[in-house]
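Have a look at the coordinates before reading on.

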Amino acid sequence: MKVKSGRRGTARRVLEKWQLYVLLLPALLWLAVFAYYPMYGLLIAFKDYKGRMGILGSPWAAPLLKHFETFFSTSIAVNAIWNTVIVSLLTLAVGFPIPIIFALLLNQIRHAKLRKTIQTISYAPYFLSTVIIVSLISMLFSANGLINGIITDLGGSEVFFTSLPEWFRPLYVGSSVWQSMGFNAIIFIAALVGISPDYYEAAIMDGATRFQRILRIDIPLILPTIILMLILNVGNIMNVGYEKAFLMQNNMNTTVSELISTYVYKVGLQQAQYSFATAVGLFNSVVNFILLVTVNFISKRFSDISVF
């Protein structure tokens with residue numbers, strides 16, 4: 001009887017708030033169509049896919065993990081994985097704390113119009129396309145670019161930033177941080193806005209400086225948000241978009257610019273090896289999932305903060 005009563009109570013609560021569930025439907029439909037339905041295509045990784053035969057009609061690979069074995073047996077596999085990990089870790093190490101610092105500094109500006117102006121300027125690069133970002137990099141750092149012009153005017157010699165392998169990662173990471181800093185700071189700014197003014201008033205009465213207020217109030221109170229965002233970022237550590245890396249790639253920097261995503265693009269679309277490319281993409285996703293679960297478990301164990 002308790003079970004039936006509980007079910008009737010749940011049904012009653014759902015009916016009372018049916019408008020909220022109607023609003024939720026579009027998001028659920030989007031999730032089903034664009035996130036779960038495409039998982040059906042993962043079967044391609046375990047088949048010798050033929051377009052004319054379809055996914056179900058194509059024969060199973062023999063052995064079943066043939067395409068995974070092929071990937072790990074290629075000389076480019078280790079290099080692509082290593083490059084992806086290095087670029088991701090550098091982007092995380094540099095790009096994760098900067099939005100937090102930016103949000104903390106922006107929160108100290110009391111002039112509303114100045115704060116909004118700085119926010120707008122910081123958000124703007126995020127809405128630029130990858131092609132425009134790479135074009136800006138080329139305009140600034142190419143042999144005839146602005147930076148080399150300044151170097152030569154000062155008596156130095158040209159530096160081939162866009163061609164030399166050692167400059168690919170600084171340019172890639174630096175441009176990514178510049179482009180996403182303001183947008184990534186939004187969630188930290190929102191967390192800071194939610195802090196009660198009572199904390200600041202009490203700290204000011206105790207004689208705390210601005211730096212002490214940041215250290216003792218701001219950072220501890222937004223720490224749960226920081227940890228959650230860090231977990232999500234680590235869970236995407238192997239997801240490096242191919243667009244910018246592919247556009248910045250040339251024959252001289254391929255040793256450091258060949259990522260898993262660019263490799264999948266070349267093999268899957270340019271060479272039409274769909275089963276092989278799907279296998280590589282599935283490997284990438286599995287690694288991300290393992291990292292996400294591991295970091296989430298560690299965070300839950302030691303800080304009691306977790307995504308799930």
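Is F127 buried or exposed? With a relative accessibility of 61%, F127 counts as exposed. Keep in mind that this is a predicted model, and the values below are computed from it.

**Rings**

A search through the whole structure turns up 19 aromatic pairs. Take F71 and F276: their ring centres are 6.2 Å apart and the planes meet at 65 degrees, so this pair is edge-to-face. F71 belongs to helix α4 and F276 to helix α17, so the pair ties together parts 205 residues apart in sequence. Both F71 and F276 are buried. Then there's the pair of Y126 and F127, which is edge-to-face because the planes stand at 90 degrees, with 5.6 Å between the centres. Y126 has a relative accessible area of 36%, so Y126 is partly exposed, whereas F127 is exposed.

| Ring pair | Centre distance | Plane angle |
|---|---|---|
| F71 and F276 | 6.2 Å | 65 degrees |
| Y126 and F127 | 5.6 Å | 90 degrees |

F71 and F276 also show up in a cluster: ring pairs link them with F72, Y263 and F283.

The charged end of K47 sits over the ring of W60, 4.5 Å from the ring centre. K244 lies over the face of Y172, also with 4.5 Å to the centre of the ring.

**Cores**

Which residues have the most contacts inside the largest nonpolar core? They are F71, I100, I222 and I260, in a core of 36 residues.

Leaving out residues up to four places away in sequence, I260 touches A80, I81, T84, M238, V280, F283 and N284. Of those, A80, I81 and T84 are among the buried residues of α5, and F283 is in the ring cluster with F71.

**Helix α5**

Helix α5 covers residues 75-95, which makes 21 residues. From the first C-alpha to the last, α5 reaches 30 Å, close to the 30 Å expected at 1.5 Å a residue. Its buried residues are A77, A80, I81, N83, T84, I86, V87, S88, L92 and G95. As a reminder, an α-helix has 3.6 residues a turn, so residues three or four places apart point the same way.

Most residues other than glycine have a negative phi, and most peptide bonds are trans. P63 is found in the loop between α3 (54-57) and α4 (66-73).

A272 isn't a glycine, yet its phi is positive, at about 60 degrees. A272 is placed in the loop between α16 (260-270) and α17 (274-303), and at 42% relative accessibility A272 counts as partly exposed. D304, another residue other than glycine, also has a positive phi, near 60 degrees. D304 is in the segment after α17, and with 66% relative accessibility D304 counts as exposed.

Technical notes:
Residues are numbered from 1 along each chain as its sequence is written. This is a predicted model: local features need pLDDT of at least 70, side-chain atom pairs count only at pLDDT 80 or more; totals for chains, interfaces and linings use all residues. Side-chain values use heavy atoms; hydrogens and water are left out. Helices (H or I, at least four residues) and strands (E, at least two) are DSSP runs, numbered from the N terminus. The expected span of a helix is 1.5 Å times one less than its number of residues. Buried means under 20% relative accessible area, exposed over 50%, partly exposed in between (1.4 Å probe, protein chains only). Rings of Phe, Tyr and Trp (its six-membered ring) pair if their centres lie within 6.5 Å; planes under 30 degrees apart count as stacked, over 60 as edge-to-face and the rest as tilted. A charge sits over a ring if NZ of Lys or CZ of Arg is within 6 Å of the ring centre and within 35 degrees of the ring normal. A nonpolar core is a set of buried Ala, Val, Leu, Ile, Met, Phe, Trp, Tyr and Cys residues joined through side-chain atoms within 4.5 Å. Contact means heavy atoms within 4.5 Å.
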